[in-house]
Amino acid sequence: MSGVVRHEATVTSSEAVRGLFEDVGVPFSFEPVGEQFAYRHRHDGDERLTVVQLRLEGAYSAWGETEVFCAADVRAERYDWRTRDETGSGVRGPALFRPGHPALVVGAAVEVTNINLAPHLLQEVAGTVYGTEEEPVRFLSSEPVSARLGTYWTRLSGIAREAVNSGAFEAELVRADLTRHLAVAALECFPLAGDPVRRTLSMEAQARRYRMAVEFLDAHASLPITVEDAARAAGTTTPALVRAFRANHPLGLHPLQHLRRTRLAAAHADLAAGSPALGDTVREIALRWGFAHPGRFAAAYRRAHGVYPRETLGR
C-alpha cells in the first residue's frame with residue numbers, strides 16, 4: 001500500500017472546485033449560485049481509499065459522473081441529488097454516487113465527508129468476503145438498505161474523519177484496517193445486486209472456517225503443521241481458507257502469518273520465563289518455535305516487542 005496523499009485548499013472559483021473534484025476521481029462540473037461563495041476542501045488517501053472533507057458556503061449545483069464509489073455523509077441546509085432513476089436528499093441520510101450513474105446535486109451551506117472507494121477495492125473485498133470473484137460489484141440504489149444501516153454508515157464515516165484529523169490515518173495498519181471496514185460497510189449498507197442469501201451463507205461459512213482454523217493453528221503451533229493441515233481441520237480448501245482469513249482476521253492476515261505471530265508470541269513467553277544461568281539460549285528457543293534464521297527472528301521479535309530477544313531472556 002502506498003503512502004497517504006494529502007491536500008488542503010480554500011478556493012473561490014468554480015474551475016478550482018472542479019479541479020479539486022477531479023483530483024479525487026469525481027470529475028463533476030460545478031456552478032455556484034449567488035455571490036456568497038467559498039469552498040474549503042481537504043482530502044487524505046491513497047489509491048484505494050480517499051477521505052474528503054469539504055465545506056461550502058452559499059448555494060451551488062454540481063453534475064457529472066464519478067469514477068469511484070463515493071458515499072456522502074452530509075450536514076447541510078440543502079443537499080438534493082438526482083440520478084437517472086432516483087432522487088433523494090443527503091440531509092435525510094447518506095448517498096452513494098456510483099460509476100455509470102450520472103448525478104446532479106443541488107446544495108446550500110454544506111459540510112460533507114465523502115468516502116471515496118476505488119472500484120478495484122470493492123471488487124476485491126466482495127470476492128474475498130462473499131466468494132463472488134466473478135460477479136462485478138453493482139449497487140441497486142444510491143440510498144442505504146435501511147435507516148439503521150444509514151446511521152451505521154454515518155458513524156463509520158465519523159470514525160474515518162477522526163482518524164484523518166488526529167493523524168492516525170497516516171499509520172499504514174490503521175489505514176488498512178479502516179479501508180477494509182469501510183469497504184465491507186459499503187457493500188452491506190447499500191443495496192448490492194445479487195443473491196443476499198448466498199452472500200450471508202458465504203459469510204457465515206467463512207467465519208466458521210476461520211474460527212476452526214485459528215483454534216487448530218493456536219493449539220498445534222508447537223508442531224510441524226502447515227496451512228494445508230489447518231484447511232483440512234476446518235473442512236475446506238487452502239484457497240478458501242486464505243479467503244476466510246482475509247475476510248475475518250482483524251488485520252486480514254494469511255493463515256501462515258497468523259501461525260508465525262502465534263509462534264512468535266510463544267517464543268516471547270519462553271524467553272520471559274527462561275534463564276541463561278540454566279542454559280536457555282535465544283537460538284534454542286527460536287528453533288523450538290520454528291525460527292531457523294537468528295537474524296530474521298531477532299528482527300521480527302524487535303518489531304513485535306520493541307526489544308531484541310536477548311534482552312528479554314537476560315532480564
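This is a predicted model: local features need pLDDT of at least 70, side-chain atom pairs count only at pLDDT 80 or more; totals for chains, interfaces and linings use all residues.
Residues are numbered from 1 along each chain as its sequence is written, and side-chain values use heavy atoms, with hydrogens and water left out.

Strand β2 (residues 29-45) runs antiparallel to strand β3 (residues 49-64), and 13 bridges join them; here helices (H or I, at least four residues) and strands (E, at least two) are DSSP runs numbered from the N terminus, and two strands pair if DSSP finds at least two bridges between them. With 3 residues between them, β2 and β3 form a hairpin, in which E31 stands opposite S61 of β3. β3 also pairs with strand β7 (residues 103-117), again in the antiparallel sense, over 14 bridges, and in this pairing L54 faces V112 of β7.

Within strand β2 lies Q36, which counts as exposed because its relative accessibility is 68% (buried means under 20% relative accessible area, exposed over 50%, partly exposed in between, with a 1.4 Å probe and protein chains only). Leaving aside neighbours within four places in sequence, Q36 is in contact with E57, G58 and A59, where contact means heavy atoms within 4.5 Å. Q36 and T12 are 24 residues apart in sequence, and their C-alpha atoms are 9.6 Å apart in space.

The largest pocket holds about 790 Å³ of space; a pocket is an open set of points on a 1 Å grid over the protein atoms alone, where a 1.4 Å probe fits, with protein on both sides within 12 Å along at least five of seven lines, and lining residues have an atom within 4 Å of a point. Grid points are joined across faces, edges and corners, and a volume is the space filled by probe spheres set on the points. Of the 29 residues lining the largest pocket, L173, L251, G252, L253 and Q257 lie nearest its centre. α4 gives the largest share of this lining, 6 residues.

The second largest pocket has a volume of about 210 Å³. Its lining has 14 residues, and the closest to its centre are R40, Q53, L54, R55 and E111. The elements giving two or more residues to this lining are β1 (5-11), β2, β3 and β7.
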